[in-house]
Amino acid sequence: MRKSIPFLLFILLSLVSCNLDLLNGKTPGFDSPFTPEVEIPFSGEATKRIIATSAYYEDRIVVRWDAVTGAETYTLERAEFSALPTAGSIDSAQWRRLESVEGTRYEDRDSSLRAGYYYAYRVTANSGLETGATSAFCYGCLLSPPQSVDATKGTDTARITISWTQMPGVDRYIIHSSGSSDTIAIGSEIAEVDQINAADPKGLVNSYSYTVPQASLGSTLYFAVTAVGENGQESEEMSPATSGYTRVIGAAASPEVQTTTRGDSTSEIRISWLRDSSSTEADPVSYTVTRSSEGSSEQVIYPQYQGQELSYDSASDTYYIVDTSNIRENVEYTYSIVAQNSIGMSPATSVTAYILSAPQSVSFSAEDRSYRLNVTLPVGAEDDENQWTYQMIITKEDGSSETVSLSQNELASYVVPITAETASDAAYQDEARKVEIRTVNGSLMSSSSVTASIRGIPDVPQLSVSSNRRSVFSANDNGVYPVEITMTNNSGYAPYDYVITRTNVGDNDEGGSQSFTTTDSTYYDNQDTEVGQVYSYSVIARDQLGRSSSSSSAAEGYGAITGEAFIEIFEDFVLKPWENGTLNPEYVSGSKSSIWNYIRQSGMGSLGSATVTGSALLGSPDSSLTGLTGTIHYNASYNGNFGGLVSFNYTPYMTEAVKYFDRDFYLAQSSSYSMDVSLSGSGSVSGGPFTLAGMYPGTVDFGGLSVSNNTFIGRYSLTQTHENGVVVSYEVRL
């Protein structure tokens with residue numbers, strides 16, 4: 001009978017070895033997440049090619065790029081340019097972040113895309129929370145007809161010259177004509193004209209000289225232009241329509257304009273011209289006045305437009321018209337005045353006019369210890385005859401205000417110095433927080449204004465940090481999901497950015513402190529976070545110049561772990577720490593070798609038994625966790641003539657592994673687990689489940705296991721409970 005003991009020991013040690021294979025991931029048939037997937041490493045490179053459509057679509061720009069190895073998503077950015085973007089303009093561009101996509105194609109259908117503008121795009125590949133290099137830029141544009149079209153009026157007796165400003169990306173233009181502005185439509189084609197410069201057409205004026213049919217000489221004709229992209233697609237929209245006509249010998253002379261409103265009114269435009277001295281009662285001279293602006297069709301405002309009247313000033317012998325119809329700030333209007341007698345129309349006299357307007361835009365940019373004012377001047381400000389000034393009302397931190405008058409040069413170079421280091425400094429109350437600017441022409445001031453604000457120093461932010469939260473993002477290579485860090489700002493000034501400092505808590509402080517900068521109010525930390533490591537976080541909120549209030553109170557957190565990481569720790573450090581001598585050498589040598597030695601040496605005598613309790617397992621447990629020290633009891637006994645029984649009995653205890661903080665893993669209640677093996681190598685498994693508490697609550701149930709041919713068969717299960725209420729169950733099949 002004694003000869004059967006070594007055989008029985010072989011069976012039992014085979015089972016232990018099988019468990020070690022389970023621990024090391026050698027078990028076939030693992031369900032997700034334990035089944036290792038072949039992951040393609042993320043290269044982190046920039047995509048080698050990115051292209052965007054140029055004048056292909058009227059409502060969108062399509063961007064495509066080559067895939068980056070291992071990338072899961074791509075984030076796009078866009079910048080707008082009024083001229084062809086260059087490397088220099090890209091460096092100073094205001095990039096707007098778009099959305100992230102999983103594929104390598106993006107349709108930009110943003111309603112803010114404007115005709116005649118270039119849009120630069122760049123893309124960055126991402127894998128989980130890892131971000132790769134940013135690509136070079138490409139640019140695209142919408143397919144759009146010209147926004148401004150003109151035609152000569154009475155300058156030639158046989159031809160009308162149609163001209164327009166070219167649009168980016170266009171291959172050619174189609175000119176359409178009609179005898180009425182109401183009937184002009186696509187299909188009334190009179191000519192096709194190629195783009196002058198396909199590489200950089202913006203700002204170039206293209207034209208076509210149209211020989212007018214005999215029957216239409218001296219008559220008003222209307223013209224509009226469509227654009228054709230490189231793919232042969234013609235724009236569905238037409239340019240604004242404009243009128244033109246040929247001169248008839250003997251027609252009236254061109255009107256001589258005397259005065260035009262150029263910033264000397266805030267609501268109306270007045271144009272005056274000398275009365276034609278050739279006008280008689282028998283053959284009176286009449287007048288037609290039209291108005292146009294970029295992006296708008298020509299409109300007759302006299303005599304057809306309702307409400308407009310032609311007035312006469314006998315003192316100056318001039319006619320004049322006052323246009324009050326929907327006159328807008330920062331729009332330059334072109335007026336054409338045509339005189340007509342019984343023979344025909346005169347060549348048109350064209351003038352430009354505008355009302356006094358506020359600057360078109362204003363903003364601040366941070367420069368060292370100051371904020372520079374960036375102003376787009378109003379229409380007309382660059383005209384040499386205009387000597388406008390600007391009234392600026394400055395609102396300070398303390399609520400008081402100051403009004404200053406600036407010349408155009410002073411406005412362009414205006415800088416707001418910042419002298420205070422903290423919000424408690426006396427100088428801080430005198431800092432500018434808002435400016436409001438109006439344009440001044442003598443005693444006249446623009447009706448509207450533009451404003452810009454400067455952020456002040458934000459208050460101390462409130463901080464919350466997640467613990468054991470299962471994230472929608474992937475776990476890192478250590479099997480840890482991101483820690484969610486949420487910053488709440490309750491001050492009157494939104495932070496420009498946040499600086500988060502992370503410090504390791506507990507014995508494992510080799511990582512020291514790390515800092516992360518983010519502009520997002522919610523940050524996910526998955527940068528080298530480890531299983532069982534608790535981190536302390538604090539945050540400061542900064543303004544655009546880097547100033548901040550004091551740091552927030554510290555908050556501790558840690559990431560949830562994957563099922564695979566959970567099982568690995570459970571087996572390595574809690575369930576059978578003596579089976580993995582590499583991770584736990586203290587169990588196979590020295591004072592903690594009792595259990596290992598009993599298993600290893602039992603073939604020399606009997607199977608034996610051993611008990612390890614209290615400090616022999618733990619060292620010195622956390623004093624706040626009194627009563628959680630416990631016992632691992634191992635017993636291997638001879639079971640009649642047919643096999644052996646191996647029992648593992650546990651009472652709650654804390655792990656002693658230096659790698660983990662002293663609250664990560666412990667049994668919530670006493671548990672036991674037994675294997676009953678016959679001489680044939682078959683048998684049953686009973687006991688459990690193991691309920692764990694601490695950082696990673698969960699339950700491990702071995703009830704589905706049995707033994708056959710000296711190895712485990714069946715399954716066991718794991719159920720994890722996460723901070724955010726997520727419960728995840730996995731099944732390990734053998």
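Within strand 25, Leu-373 is the bridge partner of Phe-364, and Asn-374 stands opposite Ser-363. These contacts belong to a predicted model, in which local features need pLDDT of at least 70, side-chain atom pairs count only at pLDDT 80 or more, and totals for chains, interfaces and linings use all residues. Residues are numbered from 1 along each chain as its sequence is written, and side-chain values use heavy atoms, with hydrogens and water left out.

Strand 24 and strand 25 (residues 370–376) are paired in the antiparallel sense over seven bridges; two strands pair if DSSP finds at least two bridges between them. Strands here are DSSP runs (E, at least two residues), numbered from the N terminus. The two strands form a hairpin with two residues between them, and in the turn Asp-368 has a positive phi of about 55 degrees.

Another open sheet of three strands has the order 32-34-37, and its pairing is antiparallel. Its edge strands, strand 32 (462–465) and strand 37 (522–525), each pair on one side only. From one strand to the next, the twist averages 20 degrees. Strand 32 pairs with strand 34 (residues 483–488) in the antiparallel sense over four bridges, and Thr-486 in strand 34 is the bridge partner of Ser-464.

Two loops hold backbone details worth a look. In the loop between strand 20 and strand 21 (318–323) is Asp-317, which has a positive phi of about 55 degrees although it is not a glycine.

The second largest pocket holds about 980 Å³ of space. A pocket is an open set of points on a 1 Å grid over the protein atoms alone, where a 1.4 Å probe fits, with protein on both sides within 12 Å along at least five of seven lines; lining residues have an atom within 4 Å of a point. Grid points are joined across faces, edges and corners, and the volume is the space filled by probe spheres set on the points. The lining has 33 residues, of which Gln-147, Ser-148, Ser-293, Glu-294 and Gly-295 lie nearest the centre. Elements giving two or more residues to this lining include strand 10 (159–165), strand 19 (296–302) and strand 22 (333–340), while strand 18 gives the most, with four residues. By type, the lining residues divide into nine nonpolar (Ala, Val, Leu, Ile, Met, Phe, Trp, Tyr, Cys and Pro), nine charged (Asp, Glu, Lys and Arg) and 15 polar (the others, Gly among them).

Finally, the confidence of the model. The protein chain averages a pLDDT (the predictor's confidence in each residue, from 0 to 100) of 81, and 78% of the residues score at least 70. Over residues 590–643 the pLDDT is below 50, and beyond near neighbours in sequence this stretch has 113 contacts (heavy atoms within 4.5 Å) in the model. Where pLDDT is low, the predicted coordinates should not be read in detail.

How values were computed
Axes are lines fitted to C-alpha atoms, for helices over the stretch in contact, and angles run from 0 to 180 degrees between N-to-C directions.
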